[in-house]
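This briefing concerns the structure shown below. It treats selected residues, the contact between the chains and the overall fold in turn.

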Amino acid sequence: MGEFNVHRVRFFDYMPSAIRALAFQPQRERIAVARTDGTVEIFNRADCFFQEKVIPGRQQAATEALAWVGDRLFSAGLNGEIIEYDLDNNKTKYTIDAYGGPIWSITSNKQGTHLAVGCEDGTVKLFEVHEDRIQFERNLAKQKGRIISLSWHPSGSKIVAGMMDVIHIFDTETGQSVQRLLVDRGVGTSRSQECVVWSVVYLSDGTIISGDSAGKVKMWDSRTGTLIKSHQVTKWDVLTLSVSQDETSLAVGTSEGHVVQFQFLSMVLGQEDKEWVRTRTFKNHTHDVRAVLEVNTAIVSGGMDTQFVVRPLLDKIDERGQASALRNIQFPHRRLVSCARKAGLLLFQYPGHLELWRYYSNGEEHICCSAVSPCGGWIAYSTVASFRLYRLHCENNNVSIIKVSKLPKVLSSANQICFSSDSSHLFVASTLLIFYLPSSSQGSGQAINLLAASEDGKWLASANSDHEVQIYNLNKMKPHCTVPVHSSGVSAMAIHPTTNNLFMVHADQQLTEYSVEKKQYTDWSRQVQRHGLHSLWLERDTPVTNVTFNPKNPAHIVLHDMYMFCIIDQTLPLPDQRSQFYNQLTLRSMPEKERKKHSHAFKMCKIFKELLFVELMEDQSLVVVERPLMDITAQLPAPVRQKKFAT
Amino acid sequence: MSTVRQKTEEQSQQGQEKSSADQAGLIMCEYERSEQRTAESTAESPPTLIGPDMDSMERPANPIHHILKHKTTSNMAKLQRGDPQLKSEKQVKFGREISESSEDEGPEEVAFEESKSVALKSAEEALRARRREKELLKEKRRKKQLFFQEQKKKSLLSEALLEEFDTVPQKKKKLSVEKEESKNEEKEENMQEIKSQKASRSLQGNCSVMRVKDKAADESLQQSAMDFIRSRLYGPGKDRTTNAELLSLEKKRGANQGAAVQFVNKKLGAEQKAKAEKCNKRFIRKQKLIPS
């Protein structure tokens with residue numbers, strides 16, 4: 001493999017934001033995640049929880065809740081607005097003000113006809129869902145106190161609202177409050193504070209389950225308005241509840257960072273009378289868990305420690321594999337760093353600004369993608385609403401930036417930006433693929449996630465969230481071919497400088513190589529598919545986010561994910577299932593002759609901490625951008641004080 | 001003597017007969033009374049007391065007790081003789097003992113007078129107190145009435161000032177605390193209140209009138225909502241610790257055990273180090289360890 005000088009870069013202070021809400025869409029198996037800075041991310045459960053889309057947020061946004069209505073995603077926040085998202089184009093479709101003050105909760109009914117929002121002024125507002133918009137229908141009876149949580153009965157006839165110290169059941173026909181359930185306050189010091197009912201769930205048999213700030217999960221009978229059972233789950237608050245589709249399992253998220261599971265079982269085997277029994281506790285978070293989801297085979301949770309954790313419920317999964325592993329998604333599945341190879345510059349993308357060794361800030365809107373040209377002369381970035389291109393001059397350590405003002409109006413926002421290798425072309429992708437200088441446009445359906453340009457400037461590859469990869473011929477300005485659709489989306493791709501092979505890494509850790517000129521998979525790729533990849537490679541739970549090549553050795557491919565970086569040598573044989581996968585250290589200890597027998601194509605290196613970016617520069621030096629998780633944890637909000645034995 | 005007194009008091013209060021020979025004996029030893037007195041006080045035949053001459057002795061300090069005890073001895077004597085009227089008489093007697101004895105003897109009358117005066121005084125005191133309270137309440141009501149009148153005058157005045165100030169340029173000011181707590185429906189009321197408050201303030205100092213804009217109100221609502229969440233999760237009374245402590249505990253009990261993060265990671269321990277530095281400097285200066 002050779003030796004490299006490594007530049008370890010740790011000054012990229014990437015700080016993810018906390019997860020505030022989760023919502024599951026069963027038909028398409030998508031999980032929507034809302035973060036506190038207003039970003040909405042879509043994860044695909046079927047595709048190894050790959051982060052398919054990221055819709056950046058705004059400065060003022062304070063998203064509190066998410067709701068799916070069919071294929072449409074709505075969110076509501078403390079700024080009093082309901083936002084519908086355009087998932088094809090990765091942006092917001094429109095916002096509508098609910099005129100009720102800050103909105104605490106949003107929920108849709110099972111029939112998909114109405115949305116209910118709970119507001120600060122004590123009203124539950126009903127909105128009718130039309131084809132292209134939502135329209136305000138009416139208010140339910142106004143109550144004293146703010147409405148913190150809502151849940152619709154599966155039949156759509158009743159809504160339960162959790163407020164301060166009290167739970168109200170509304171009849172949606174008349175709009176009046178039918179029942180009032182009083183929640184008692186905690187013991188001790190919490191007696192003086194009102195009890196906040198953070199979350200409620202309405203089951204089809206009329207049971208209401210509520211989680212409140214006294215740390216109790218209470219089961220109520222809505223017909224008689226009485227308390228059935230009360231469980232003290234934690235000393236701190238119970239922040240969120242989620243019930244499975246078949247209503248037999250309940251997930252409870254607490255301030256401690258624990259997720260507790262309740263199941264609807266009969267105490268004596270064989271008997272008919274069932275009740276909710278506390279079964280398991282999962283301790284996968286360090287800070288408050290603010291959102292849980294009971295997806296059928298797993299419990300998904302997210303909170304203030306910014307990690308998206310998937311804990312599979314192994315009693316519902318038959319075989320052991322990727323689906324049964326505990327997943328912890330910390331870094332985004334896209335690149336936040338671009339590198340100008342020839343000029344030796346690094347561009348860091350933050351939500352609010354870009355850093356290119358000089359501070360360069362934007363303002364209100366968050367940046368969705370950015371790129372720097374290989375020669376270091378151009379910077380481009382795009383927010384949700386605008387696109388900016390800047391010309392850089394680096395003279396004697398002074399960087400001056402000139403804005404290019406006359407941009408064609410078509411360039412409103414972009415999902416991906418890519419410079420060609422000679423910096424003469426800028427490729428901007430949104431739903432339309434646009435070439436700038438000279439201009440011409442092609443259309444495609446879904447938003448494009450990834451772009452890769454070839455070194456000679458002839459080819460451009462684009463991948464979108466429908467798992468389609470298209471290759472365009474830039475000389476003729478026409479689409480060249482489409483790569484056969486793989487079951488999993490592409491997480492990173494690049495075109496080889498000399499052979500013009502498109503190398504793709506998928507979310508399920510499969511590697512494919514496609515020859516652009518011959519319009520077919522290469523022999524090496526077929527060999528990999530036949531041979532199969534090593535199990536240790538396939539069991540990695542973070543996707544590869546960057547692929548580059550070695551200028552000195554055309555057979556080398558450099559790629560990395562969060563915990564390792566790897567150089568694949570295409571001349572060496574592929575590893576067997578039984579052979580040692582991480583064999584670099586053993587090889588080093590062997591004599592020269594022995595090494596050739598045992599070495600295989602995958603050379604893995606796990607020395608570095610959590611990686612954001614790895615690039616091989618011209619002079620055989622390696623630039624490694626690390627972001628240790630401990631630094632992220634040190635900047636999070638305060639966790640609760642848990643007393644552990646022997647500390 | 002005191003024990004005997006208590007016993008006889010009990011007897012008189014309860015109205016029970018005690019025909020114990022001990023008691024009679026005790027009384028006879030301790031008390032002397034002339035036969036004449038007993039003859040005067042009671043209608044029945046006086047008992048014969050064995051004891052030293054009464055006249056030579058001093059009068060006992062408390063005449064009432066003395067009398068009561070004496071009465072019981074006479075009753076006991078009657079009992080011995082088998083007087084049938086004794087019981088009923090005794091009961092009646094114990095009810096009216098004080099008043100009967102007051103007829104005859106000086107000290108008894110004085111005693112009654114005293115208690116009468118005491119009772120009268122307390123009644124008068126009560127009356128006086130009630131009168132005082134009534135007057136106080138009246139005063140309070142009067143003050144309140146005055147205050148409300150003045151407030152009313154003030155508010156009227158402020159409207160007039162506002163009309164004046166219509167032409168004056170308006171400066172921006174911070175919203176008052178009451179504004180943050182208001183809801184949308186009460187916005188207008190609050191706006192008027194604030195206007196009046198600010199106008200009244202402007203009378204006093206160099207303040208100017210400001211109009212509350214709608215956007216500012218929305219932002220403040222959002223801010224108050226966020227403050228509510230923050231106070232509920234991170235406010236006082238919630239048992240929270242620092243991230244540094246969390247990481248240090250993990251290091252203490254984890255697989256690769258090491259020192260607390262404040263000592264390892266320079267950024268985390270920076271504040272504490274700075275504090276320690278300051279403390280050290282202050283200590284050195286105070287103790288004058290370094291000769292200056």
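E626(A) is buried, with a relative accessible area of 0% (buried is under 20% relative accessible area, exposed over 50% and partly exposed in between, with a 1.4 Å probe and protein chains only). Its partner in a salt bridge is R8(A), with 2.9 Å between the closest N and O atoms (a salt bridge is a side-chain nitrogen of Lys or Arg within 4 Å of a carboxyl oxygen of Asp or Glu). E626(A) belongs to strand β55 (residues 621-626) of chain A and R8(A) to strand β1 (residues 5-9) of chain A, so the pair ties together parts that are 618 residues apart in sequence. R8(A), by contrast, is partly exposed, at a relative accessible area of 43%.

The model is predicted, so local features need pLDDT of at least 70 and side-chain atom pairs count only at pLDDT 80 or more, while totals for chains, interfaces and linings use all residues. Residues are numbered from 1 along each chain as its sequence is written, chains are lettered from A and ligands numbered from 1 in the order in which they are written, and side-chain values use heavy atoms, with hydrogens and water left out.

**Chain A as a whole**

- Chain A contains five helices and 55 strands (helices, H or I with at least four residues, and strands, E with at least two, are DSSP runs numbered from the N terminus).
- Chain A has 647 residues, and 59% of them count as buried.
- Among contacts in chain A with a separation of 6 or more, 47% are between residues 24 or more positions apart (contact means heavy atoms within 4.5 Å).
- F427(A) is located in strand β39 (residues 426-429) of chain A and counts as buried at 1% relative accessibility.
- From F427(A) to C48(A) the C-alpha to C-alpha distance is 29 Å, and the two are 379 residues apart in sequence.

**Contact between chain A and chain B**

- The contact involves 46 residues from chain A and 28 residues from chain B.
- About 3200 Å² is buried between chain A and chain B, with 55% given by carbon and sulfur atoms (buried area is the accessible area, with a 1.4 Å probe, that two parts lose on being put together, summed over both).
- Nine residue pairs, both members at pLDDT 80 or more, are in polar contact between chain A and chain B (a polar contact is a pair of N or O atoms within 3.5 Å; within protein, one must be able to donate a hydrogen and the other to accept it, and residues adjacent in sequence count only if both atoms are side-chain atoms).
- On the side of chain A that touches chain B, helix α5 (residues 629-634) of chain A gives the largest share, four residues.
- That side of chain A has 21 nonpolar, twelve polar and 13 charged residues (Ala, Val, Leu, Ile, Met, Phe, Trp, Tyr, Cys and Pro count as nonpolar, Asp, Glu, Lys and Arg as charged, and the others, Gly among them, as polar).
- Four salt bridges are counted between chain A and chain B, and one pair with a salt bridge is E245(B) and R641(A), at 3.6 Å from N to O.
- A network of salt bridges links K235(A), R641(A), D239(B) and E245(B).

- T241(B) lies in the loop between α9 and α10 of chain B and counts as buried at 9% relative accessibility.
- The side chains of T241(B) and E245(B) are joined by a polar contact of 3.1 Å.
- Leaving aside residues up to four places away in sequence, T241(B) touches A638(A), P639(A), V640(A) and R641(A).
- Helix α10 (residues 243-253) of chain B has buried residues N243(B), A244(B), L246(B), L247(B) and S248(B).
- The cover over the buried residues of α10(B) includes α5 of chain A and α11 (261-264) of chain B.

**Salt bridges within helices of chain B**

- Over all chains, the structure holds 24 salt bridges.
- E125(B) and R128(B) form a salt bridge at 2.9 Å from N to O; both lie in helix α6 (residues 106-165) of chain B, three residues apart, about one turn of the helix.
- E125(B) is partly exposed at 40% relative accessibility, and R128(B) is partly exposed at 38%.
- D227(B) and R230(B) form a salt bridge at 3.3 Å from N to O; both lie in helix α9 (residues 214-234) of chain B, three residues apart, about one turn of the helix.
- D227(B) is partly exposed with a relative accessible area of 34%, and R230(B) is partly exposed at 43%.
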